[in-house]
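Please read it alongside the sequence and coordinates.

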Amino acid sequence: MNTILQEFEKRDWSRLLTAVLGMLIFSLGINIFIVPAELYNGGVLGISQIIRTLLIRYGNFNFHGVDVAGIINLVLNIPLFFLAYRFISKKFFFRTLVCVISQTFFLTAIPVPVVPLVEDTLTASLIGGIIAGSGIGLALRCRGSSGGLDILGIYFTKKYQDFSVGRLALLVNLAIYGACALLFDVTVVIYCVIYTSISTLMMDKTHTQNISTAVFIFTKQDPEGVMRYILEELVRGATYWEAKGGYTEQKTNIIFTVISKHELMALKRKLRQLDPQAFLVSKEDVGIEGKFVKHL
């Protein structure tokens, strides 16, 4: 653990604190709007919420008003922590551990209103989705992770080239909402789908990691330095070649790469250090065929 802490830079700690803030916002959306409406999240947390409800309704457990879904979620994530530590990266493991523990604390500490603040279930699902999705998106933007399917998605993406993270999430959520339909009510499933859709939309709007961006860089000073940064720091592929300016007829170097929109911000900062006169052209949301890893 000491080695992991030593690897963390000042910017990493700032991002981690912001990710924890994202977990707080997410937990507020869940406990204040989603839980009182008796709706369910997707992923491992959704499984935890179903287990909690079954323990209360059919196991005669009394948790004295405390929502234990966060604690169950933490327990279910323990084997996934080992997976992240061994097969993904130690920094990712530490970020995920901190985020999941903070999420567990917030979900347990934030009181669930006895009387729902919003009586209309549709309104609760919309407001809860906006708040919860924004929180998760903020955490992901700062390279945080809520564990669960994030860990499994990255692990299987590394292991299998054609693996689809979205398909995994879809299958798990179908199983969760199928269980909700059998155990509770079909209307619960309908509102859960609405909540999940709004939450996913807000997460994507907040989180820039999933927006693939094609980048052309025209530089004369240090093309090797720019290439090293892309290859070693961003861990992305890149191609560069020599060219000649049409107007000046001076030699220049063109570097092409595809990165996420979030990584583009870091690349711009680095480029200003290496070559302030560099010219950069980017195009968002490009189509990609072949191996392109979505980094967290």
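The points below are grouped by topic.

The model is predicted: local features need pLDDT of at least 70, side-chain atom pairs count only at pLDDT 80 or more, and totals for chains, interfaces and linings use all residues. Residues are numbered from 1 along each chain as its sequence is written, and side-chain values use heavy atoms, with hydrogens and water left out.

**Cavities**

- The structure contains two cavities of 30 Å³ or more; a cavity is a set of points, on a 1 Å grid over the protein atoms alone, where a 1.4 Å probe fits but cannot get out.
- Asp12, Arg15, Leu16, Arg95, Cys142 and Arg143 line the largest cavity; lining residues have an atom within 4 Å of a point.
- Helix α2 (residues 10–34) gives the most to this lining, with three residues; helices are DSSP runs of H or I with at least four residues, strands are runs of E with at least two, and both are numbered from the N terminus.
- The lining of the largest cavity comprises four charged, two nonpolar and no polar residues. Ala, Val, Leu, Ile, Met, Phe, Trp, Tyr, Cys and Pro count as nonpolar, Asp, Glu, Lys and Arg as charged, and the others, Gly among them, as polar.
- The second largest cavity has a volume of about 40 Å³, and its lining consists of Ile32, Phe33, Pro36, Ala37, Pro116, Leu117, Val118 and Ala124.
- By class, the lining of the second largest cavity has eight nonpolar, no polar and no charged residues.

**Aromatic contacts**

- Seven aromatic pairs are present; rings of Phe, Tyr and Trp (its six-membered ring) pair if their centres lie within 6.5 Å, and planes under 30 degrees apart count as stacked, over 60 as edge-to-face and the rest as tilted.
- Phe216 and Phe256 form a tilted pair, at 4.7 Å centre to centre and with 45° between the planes. Phe216 lies in strand β1 (residues 212–219) and Phe256 in strand β3 (residues 251–260), so the pair ties together parts 40 residues apart in sequence.
- Phe216 is partly exposed at 33% relative accessible area, and Phe256 is partly exposed at 27%; buried means under 20%, exposed over 50% and partly exposed in between (1.4 Å probe, protein chains only).
- Phe218 and Phe279 form a tilted pair, at 5.8 Å centre to centre and with 55° between the planes. This pair links Phe218 in strand β1 with Phe279 in strand β4 (residues 279–284), 61 residues apart.
- Phe218 is partly exposed at 28% relative accessible area, whereas Phe279 is exposed at 52%.
- Phe81, Tyr85 and Phe93 are linked into a cluster by ring pairs.
- The charged end of Lys90 sits over the ring of Tyr85, 5.1 Å from its centre (the criterion is NZ of Lys or CZ of Arg within 6 Å of the ring centre and within 35 degrees of the ring normal).

- In helix α10 (residues 223–233), the buried residues include Pro223, Gly225, Val226, Met227, Tyr229 and Ile230.
- Most residues other than glycine have a negative phi.
- Val235 is in the loop between α10 and β2 (238–244) and is exposed, with a relative accessible area of 53%.
- Glu38 has a positive phi of about 60° although it is not a glycine, and is placed in the loop between α2 and α3 (43–58).

How values were computed. 1 Å grid on protein atoms, 1.4 Å probe; cavity = no way out; pocket = protein on both sides within 12 Å on 5 of 7 lines; lining within 4 Å. Points joined across faces, edges and corners; volume = space filled by probe spheres on them.
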